Amino acid sequence: MLTIQGLSYAYSDRFLFKNLSFDLNPGEIIQLKGRNGSGKTTLIKVLCGILKNYEGKISFFTSSRSDVQNEIFYLGHKNALKHDLTIIENLKYDFRSDEIELAKLKDALRTLGLEAYLFTKVSDLSEGQKRKIILSSFIASNKSIYLLDEPLINLDEESKKIVSKEINNKIKKGASIVFTSHEENILAIKDINLDEYQA
Amino acid sequence: MIFLKSFFSREVLIYSKKSSNVISPVIFFLICIAFFPLAISNDPKELSRLAPGLIWICILLAGMLSIQTIFKEDYDDGSLDLFYVRRFSMLQVVLIKIFVNWIFTALPLILLSCSMVFLLYFPLEKLLNLIGSLFIGTLIISFFGALAGALSLGRNSILASAIMLPLSLPVLILGSSASTYSSENITFFILLLLALLFFSVPIISIACIGAIRLHYE
């Protein structure tokens, strides 16, 4: 479980969001909404521990912070892929997929239609295909908290359906998900509009 | 330990796949060394006198081509974010990245300089002194370059050069002196270089971590 109390984040003397509070229970999904620059990506980065100079309180369900970090799957706006490496090399050395069996990753890649590109350099792939590589880690992973920044960006409609289905599967298994998206009425049971938390 | 091994393998794989990181400094070094006899003088005595300094300048400038961007790719593609998410030791990340960069960029230059010294009529009896000083000196320069790269993340490379070059001056002076003077004075310069290395490794590593963190505040 994740509890946020009075969370504020300022950037260049301006609050991106102020006094934000919400709970995220196991099996729950929250969509972060808001106009461009409202702080959706920043909030995701604050929650997963990349940005630290925030005000307020973030509590995870276990007391040990280090254990919690291993239970978080972070999908950023940037894919963190190395363009000179192949898909399989990237996944082997990606710290989101290092604990996942290769067979599971290959299955996930097959689900997303990338099985023919295992040994293709990432630089030769489209932006949508690059996104799918990291989404294959997401599909094959088994974490309890997922923080996803625009997971569906650059994907075709068919792939969006596959990823949405996988998100629902993870929710059914008890995982908690926070994600950002500009798309309306997808997946989320509840949403938070960051425009309402501007200073 | 698993992270160390995995991260080291990852860095080695990235450098081995990205040949421009290795080839660019080597080509730059070869061109510089080959041009000096044409541009300055073809007098063996003159070249022999200038050789240690010329080799050191070439290695410093060639090394600058890659060391300044040591954290840039990880910062731009979001890999650095993942290190913070997983709470990996940034000290280990910084040390491994610098060491692998040194293996792939400085080490080939040191080996190459051994075979190129004849172009500058470098006295062969001082070759070991040159190699010894280059081994220590290039490591120090790598640390200074990494700090410059960390401070200038997301900015243009002129800033990195402006930070790195003044910091590298003591190494350049000590290194070229160690390769110039007679063997009885060598120990003094080598010891000074070693002292600078042991002084700079912990301080510059911590400064690098702080400089990278600055970009996430």
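How many residues does the contact take from chain B and from chain A? The contact takes 22 residues from chain A and 17 residues from chain B. The model is predicted, and chain A has an average pLDDT of 87.

**Contact between the chains**
- On the side of chain B that touches chain A, helix 1 (2-17) and helix 5 (79-85) of chain B each contribute at least two residues.
- This side of chain B comprises 8 charged, 6 nonpolar and 3 polar residues.

**Helix 2 and helix 6 of chain B**
- Helix 2 (residues 20-39) of chain B and helix 6 (residues 90-116) of chain B have axes that come within 9 Å and cross at roughly 30°.
- Because angles under 35 degrees count as roughly parallel, helix 2 of chain B and helix 6 of chain B are roughly parallel to each other.
- The crossing of these two helices, helix 2 of chain B and helix 6 of chain B, is right-handed.
- From helix 2 of chain B, the residues B:N21, B:V22, B:P25, B:V26, B:F29 and B:I33 meet B:F104, B:T105, B:P108, B:L109, B:L112 and B:M116 of helix 6 of chain B.
- By class, the residues of this helix 2 to helix 6 contact in chain B are 10 nonpolar and 2 polar, with no charged residues.

**Confidence for chain A**
- In chain A, 94% of the residues score at least 70 in pLDDT.
- Among the elements of chain A, the highest mean pLDDT (94) belongs to helix 5 (residues 127-140) of chain A, and the lowest (67) to helix 2 (residues 65-70) of chain A.

Definitions and conventions
Residues numbered from 1 in each chain as written. Chains lettered and ligands numbered in written order. Predicted model: local features only at pLDDT ≥ 70, side-chain atom pairs only at ≥ 80, totals over all residues. Contact = placed C-beta atoms within 7 Å. Helix = DSSP H or I, 4+ residues; strand = E, 2+ residues; numbered from the N terminus. Nonpolar A, V, L, I, M, F, W, Y, C, P; charged D, E, K, R; others polar. pLDDT = per-residue confidence, 0-100. Axes fitted to C-alpha atoms, helices over the stretch in contact; angles between N-to-C directions. Parallel < 35°, antiparallel > 145°, perpendicular 65-115°, else oblique. Left-handed = near helix turned anticlockwise from the far one by under 90°.
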